Amino acid sequence: MSDLLHNTRRHFFRDCGLGLGSMALGSLLAKDGLAAPKKPHFEPKAKAVIFLFMAGGPSQFELFEPKPELQKLHGQPIPDSFTKGKRFAFMDTFSKEKPKLLGTKRKFAQYGKSGTWVSECLPHFAKIVDDVTMVKTVATNVFNHGPAKVFFNTGSPQFGRPSIGSWVTYGIGSSAADLPGFVVLQSGPRGPRGGVLNWASGFLPTTFQGVPFRSGGDPIINLSSPAGVTADRQKDVIDAVKDLNADRLDATGDPEIATRIASYEMAYRMQTSAPELIDIGKEDKKTLDAYGAVAGAASFANNCLLARRLVERGVRFVQLYHTDWDHHGDSVNNLDKGLDKVCKDVDQPMAALVQDLKRRGLLDSTLVVWGGEFGRTPMGEARDTVGRNHHIDTGAMWFAGGGVKAGFTLGETDEFGFSPTQDRVHVHDLQATILNQLGLDHLKLTYRFQGRDFRLTDVHGEVVKKMLA
Amino acid sequence: MFSRGILITLLVAGAVTGQTPQQSEFFEKSVRPLLAAHCTECHGANEKKVRGGLRLTTKAEMLKGGDTGPAVVPGKPGESRLIKGLHYTDEHFKMPPKGKLTDADIAVLTKWVADGAAWPEAGAPAERPKPGQLFTDEQRKFWAFQPVADPPVPAVKNAEWAKNPVDAFILSSLEAKGLAPAKPADRRTLLRRVTYDLAGLPPTPEEIQDFVDDNSAHAWEHVIDRLTRTPQYGESQARHWLDVARYADSNGRDENTAFANAFRYRDYVVKSFNEDKPYDTFIKEQVAGDLLPDAGTNPDRLTGTGFLVLGPKLLAEPDKQKMKLDIADEQVDTVGKAFLGLTLGCARCHDHKFDPIPTRDYYGLLGMFTGTRTMKNLATVAAAHERPLPVGDGKGMALAVDEGAKYGDVKGDGKPRNLFVQVRGNYLTPGEEAPAVFPRILAGEAQVSVGGPSAPDAPKPEANQTRYGQSRPHSGRLELATWLADPKNPLPARVMANRVWLHLFGEGIVRTPDNFGKLGDRPTHPELLDWLATQFVRDGWSVKKLQKTILMSNAYRMSSTHNEAAALADPDNKLLWRFNRRRLEAEKIRDGLLSAAGNIDLKMGGSLLNNGNFTYVSINPTLDAKRYGTARRSIYLPVIRNSVFDFFQTFDMAEPHVPTGKRAGTVVAPQALYMMNSPFVKQQADVLAAKLLKDSPTDADARVRDAYLRAYGRPPKPDELRQALSFVSQYEEALGTKAPDPAKRSQTAWAALCQAIFAASEFMYLN
């Protein structure tokens, strides 16, 4: 910390006798990541999370969940006992005619020592199954994309709650002094539904908000000095700003001004550290090829590599969004070419990420999460091509590293894969589990807002102990 | 699933029976966390695992106890098994088994039991309503539901300071605590403060000089009058209201389609503030302008109802009945927060947990909006309703509502009808019929339902359909608007007076401007709030007059200087012993930069949204440059939900999906990056530097003076002048041979100084 800040701090403690006291100033400085990481509730298994969010809701039936009964009864109407009293998105396509069971066209095989089922869509993933916990029974509450994503991220479909990455950085800070603690990377044809709400800090201070990096151009907006301004000249300007602010600080005794001084320090350090961070050209060719990353391109592959580099530098929570998995069965978004494309986008990079983390000894301390906002129905839709509807009762996700079991499958569903029959896991349970791996008790991680203590898991959630090593 | 989740929690400090607030607070702060952390995992939180038959999640369970009897004997820690176990003295009974608690924790629990083991029950009413009554006495007596009083102006010791009644109220509470108000701010600080507050811009060097030189007794009053007459006044005030109205130029949520005509509502709000439209009229226009007698000739009437149409909606909602209800719900919620400061939406699934709003009252209101046409259709993707304005060629369309419920493919005859209470917010589980009345805690339990005489023609209930009751000739919106604008309604005048105060002082008298309910803050100066509300109505609901009353006080003219003793007594400055230093809002920073650089385009009105109406909003750098790369005032830049302009996002603009009465004012690194590196800030610095060099070709001192005046509203102090000059010369020197052209070198160095001046705190703060 610079002398200026040091003096500022002392000035407040000794000279100002501000009622706010040391804690307030400490937290203000912490806002810009200057404070040391905070102690978790208990000894953590993981130090960081990489959350690969498959926006749109991938179909478990084409990827992880072979159902012989579904194949056998393909084209038959689903028995009423399954659908009675259930509500679905896009009901109109279900109401034209009774929904029919849809067998998959994809071939499945068992892989690894664990014998995990994977379809032909994900040949690279098939190689890492022994590092993975597959959960086949993830249930959620909400079946529209935007609210369902917001629900997964914030524990509530209502807007205005903090996202999981914000809760984590609020809870344990970040050990990256030169980078934000919570970073968001995006790829695919468009941004995820719900946009900034998915990584907003809600009622937590905005410093805990996810900072979206861009994969092409500047990773952070306005990160580069303006063209023609050298680092020295810019330092001159920043020093001048600091002097001006320090004068104000003396005149006003306002701790916010100290924070603003600190924010310039952080911004200047980010300017130095972030360009190096995103320069994936520095990686050896073997690594680039393993991910399928190409320097300068905008891709999920580049983002996976960037995620590893962020975690290496102490960033706490990295969330990658890849669109679009919403395969209803129109001319583009279908389970034929549509699914092929998106699988090709993600399969190799996500497998490479897990392998790369493992090779570097980072997998034990990094929890990788893969999944979408909900699963899809065993029934097809009466549309132009092959597709499935949104389904909140069950879907599949996988986890790797960070203290979860390796080569393990949790949960069983009925013969059609419509509902969990064993080990149903709710979104709130997964939120509790992710926090748990970071050393945070979801019951204790609270924030008082408008007279009420809020939690990520609202009044629900239980750590899924069965999936933990 | 319904978007409004269950709002109950075990953690709420609820109403209390037989215990003092201190006891409740002690329980919530110190005891409950210990129970939750160490006890309930095995005693109650998990149904599958209750050890020893003991549950510790309510007081009743604790007193009932487990297999070995009651866990606690209130008042007697020595006889309470819960306490005994903590001490680890009995080899067979150690609690919690995982490890002994710290002495401090044991002391907390022991004190709690000794004091009677107070346990406030979450959300439980403190008392039951008397037979035949809907609400308890405590609910009826809640401050916000009392009629607005016209309190006498209090006597104060320092009568000289009390320039007007506002001062008397402020001073009397300061004096009661032995505090004194801060010294008056100097004229330059004041002028900068009031110019930003009223016009949203910095004062020009000429305006500063005029005010500093004006020795007349009315100098200050003249400044206020001048500013409230500028067109920029309406633009600046409108922005606050647009936050409350969750204004945006696109739908947001899942289907982010453009509202190409939303700008007419925005321009209407600007016009209304500039005309000083009486606030009661402003309410009526927004809630029921289409039903006012001159709606066919006065375009404000229809345009105002854009307020109801602008909300974010799930435009591809497959369940059309739910879609219709959701849209009306969003309207009820916004109307409640904006005009009443009540979170009415909480009563959709259950009686409001904290405020006396039964679900029946919610559905009574909801029926007024389901009987209103808000959408063109309910197709996938649905479009909002628009109506031609009665001006010009009749081609001007505005987002506006209509009476009538028949549109889209929702069944029904289009007559406005009562809804039934929907149990747990689900239309498939109807409860009792909800007549169209206003919230009964405010409007009384004996109300005649609105919308004209009811006809007992309820359609036969159909399976899987929303259940409707009696019909009526009108939706009831007009009566609702009239009731909201009635001075006898205790909330609207208070809520608006509080908003006006908030934007002048940085904090409201009620610090939760959109929640005057139980979970909101209590007023710091209840009598002052009532006095202001009364004065507001007495002055014909004139916002300008209300502002002038406040601005003429000494309270507004205090300096923001720190005072150690006062800060210790009142760290949050709730009593207003000084003026609150405030960070400028996003729009004021941007407009301030443009204005200080002499670069601002003050053209009013119109739309910069380059997107077909109701088509998906496209977002790419070229379109963004057209939308935002302008020198127009910030209020005219399109507000695109899910993709708010990055400058505004960086500086905490209100999230435009929801009504926001008070914005955050954060200080984070991305703001510094913006000021350091954004081409926009650099451009303004370049423009200002060129102007300084042109205006004072030979006098470097004059350049620094002018820059300080434009950015900070004051001249530099001698050492600041010296520092600035030495910065420029060192910078030029450092550029050296890299910039051989001396004119260019000079421009670069002065631009660097200007940027440092813009980037410093003083530019972004109001003192």
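The following exercises, each with a worked solution, concern a predicted model.

In this predicted model, local features need pLDDT of at least 70 and side-chain atom pairs count only at pLDDT 80 or more, while totals for chains, interfaces and linings use all residues. Residues are numbered from 1 along each chain as its sequence is written, chains are lettered from A and ligands numbered from 1 in the order in which they are written, and side-chain values use heavy atoms, with hydrogens and water left out.

**Exercise 1. Cysteines**

Determine how many disulfides there are over all chains, and explain the result for A:C304.

Step 1. A disulfide is a covalent bond between the sulfur atoms of two cysteines. The criterion applied here is a pair of cysteine sulfur atoms within 2.5 Å.

Step 2. By this criterion, the count over all chains is zero.

Step 3. For A:C304, the closest cysteine sulfur belongs to A:C343 and lies 14 Å away, so the two are too far apart for a bond. A:C343 is likewise in no disulfide; its nearest cysteine sulfur, that of A:C121, is 4.5 Å away.

Step 4. Accessibility is classed as buried (under 20% relative accessible area), exposed (over 50%) or partly exposed (in between), with a 1.4 Å probe and protein chains only. A:C304 is buried at 0%, and A:C343 is buried at 2%.

**Exercise 2. The eight-stranded sheet of chain A**

Describe the strand order of the open sheet of eight strands in chain A, and identify the helices that pack on the sheet.

Step 1. Helices (H or I, at least four residues) and strands (E, at least two) are DSSP runs, numbered from the N terminus. Two strands pair if DSSP finds at least two bridges between them.

Step 2. The order is β7-β6-β8-β1-β9-β12-β4-β13, and the pairing is mixed. At the edges stand β7 (211–213) and β13 (408–410) of chain A, each of which pairs on one side only. From one strand to the next, the twist averages 20°; axes are lines fitted to C-alpha atoms, for helices over the stretch in contact, and angles run from 0 to 180 degrees between N-to-C directions.

Step 3. Within this sheet, β4 (residues 132–135) and β12 (residues 397–400) of chain A run antiparallel and are joined by four bridges. A:T133 is placed opposite A:F399 in β12(A).

Step 4. Helix α7 (residues 145–154) of chain A packs on the sheet and touches β1 (48–54), β8 (317–322) and β12 of chain A, its direction making about 165° with that of β1(A); contact means heavy atoms within 4.5 Å. Helix α14 (residues 427–437) of chain A also packs on the sheet, touching β1, β9 (366–371) and β12 of chain A, and its direction makes about 160° with that of β9(A).

**Exercise 3. A helix pair in chain B**

Classify the packing of α9(B) and α21(B).

Step 1. Two packed helices are described by the angle between their axes and the distance between the axes. For α9 (residues 219–229) and α21 (residues 543–551) of chain B, the angle is about 155° and the axes are 11 Å apart.

Step 2. The two helices are therefore roughly antiparallel (under 35 degrees is roughly parallel, over 145 roughly antiparallel, 65 to 115 roughly perpendicular, and the rest oblique).

Step 3. At the contact, B:W220, B:E221, B:I224, B:D225 and B:T228 of α9(B) meet B:K544, B:K548 and B:L551 of α21(B).

**Exercise 4. A glycine in a loop**

Step 1. A:G181 lies in the loop between α8 (164–172) and β6 (182–187) of chain A.

Step 2. A:G181 and A:V315 are 134 residues apart along the chain, yet their C-alpha atoms are separated by 4.9 Å.
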